[in-house]
Amino acid sequence: MIPNNIDKEKIITYAKGLLKDKEIMFMYFGGSIAFGIYEQEYSDIDVNVFVNGLKGFIHTEMDGIDYFIYGDDKYLSRQDMTSDLPLYNKIFIDDALSLDETLIYLNPVFDKEFKEFKNIKLEDRLKTFLEKNLQYYEYYYNETARPSKKMYHLFRWRGIIENYILTKKLTLEIADSWKEKMFSYKHNWNSESGVKLHKELKEVIGYIKKYKEALIK
C-alpha cells in the first residue's frame with residue numbers, strides 16, 4: 001500500500017530530529033495513502049506522529065510531507081472523538097482502519113499504547129464521526145458555489161457506508177462505481193464535469209445524514 005517513491009527511513013529521521021527531546025510512540029501514514037487512493041500527481045502525503053512527553057497538537061511540513069503530531073494527551077482522544085482538537089483532525093480518524101499496512105514506526109516500549117489506540121473501534125462512535133464530517137463538509141458545501149477538491153471524501157464515505165451495510169464490516173473498501181465518482185471529482189473538481197458531480201453531493205449529503213440519524217451510536 002505504501003508507494004515506492006516514499007522513503008520511510010527519511011520520514012523517521014526527520015520526525016526524530018524534530019522531536020529529539022521527546023519519545024515517538026508510533027507513526028503511520030494518513031490521508032490518501034491510508035485510504036488506498038494515493039496518486040503521486042494528485043495526492044498529498046500525510047504522516048501521523050504520536051509522541052510521549054508532548055502535550056497538544058502540532059502541524060508542520062517538510063519536503064512536501066505534512067506531519068500531524070499529537071501529544072500523549074491527544075492520541076486516544078483523537079480516535080474516540082472526545083478531544084478538543086480542530087474539526088479537521090477528527091474527520092479522518094478512519095485512517096486507522098488500514099493501520100496494519102501503513103505503520104511507519106513503532107517504539108516497542110509503547111506497544112501497549114499502540115494496541116490500545118488500534119483497538120478503538122470506529123463502529124462504536126460512527127454516529128458522532130459522521131456528525132463531525134457533515135458539520136465540516138456542509139460548512140463548505142453549497143450547490144451553486146464553486147466546487148472544492150476536498151469534497152471528494154463525501155463520495156468516498158457514501159461508498160464506505162454502502163459496503164458496511166452489505167458486509168456488516170467497517171472497512172475502507174468501496175464499490176467501483178463510487179470509486180469512479182470519487183476519482184473523477186478529485187481529478188476534475190475545477191472543470192465542467194466536476195461542477196456536474198458537485199451538484200450530486202446534495203444527494204450524497206442527504207443519504208449520509210439519513211443513515212447517521214438511524215444509528216444508535
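Reply: What follows takes helix H7 and its surroundings.

This is a predicted model, where local features need pLDDT of at least 70, side-chain atom pairs count only at pLDDT 80 or more, and totals for chains, interfaces and linings use all residues. Residues are numbered from 1 along each chain as its sequence is written, and side-chain values use heavy atoms, with hydrogens and water left out.

Helices are DSSP runs of H or I, at least four residues, numbered from the N terminus.

Which residues of H7 are buried? They are Leu126, Lys127, Phe129, Leu130, Asn133, Leu134, Tyr136 and Tyr137. Buried means under 20% relative accessible area, with a 1.4 Å probe and protein chains only. An α-helix has 3.6 residues a turn, so residues three or four places apart point the same way.

The buried residues of H7 pack against helices H4 (87–90), H8 (152–167) and H10 (192–214). Contact means heavy atoms within 4.5 Å.

Leu126, Phe129 and Leu130 are among the residues with the most contacts inside the largest nonpolar core, which has 37 residues. Such a core is a set of buried Ala, Val, Leu, Ile, Met, Phe, Trp, Tyr and Cys residues joined through side-chain atoms within 4.5 Å. H7, H8, H9 (176–188) and H10 each give two or more residues to this core. H8 gives the most, seven. Beyond its neighbours within four places in sequence, Leu154 contacts Tyr137, Leu201, Val204, Ile205 and Ile208.

How values were computed. Expected span 1.5 Å × (residues − 1). Buried < 20%, exposed > 50% of the residue type's maximum accessible area, 1.4 Å probe, protein only.
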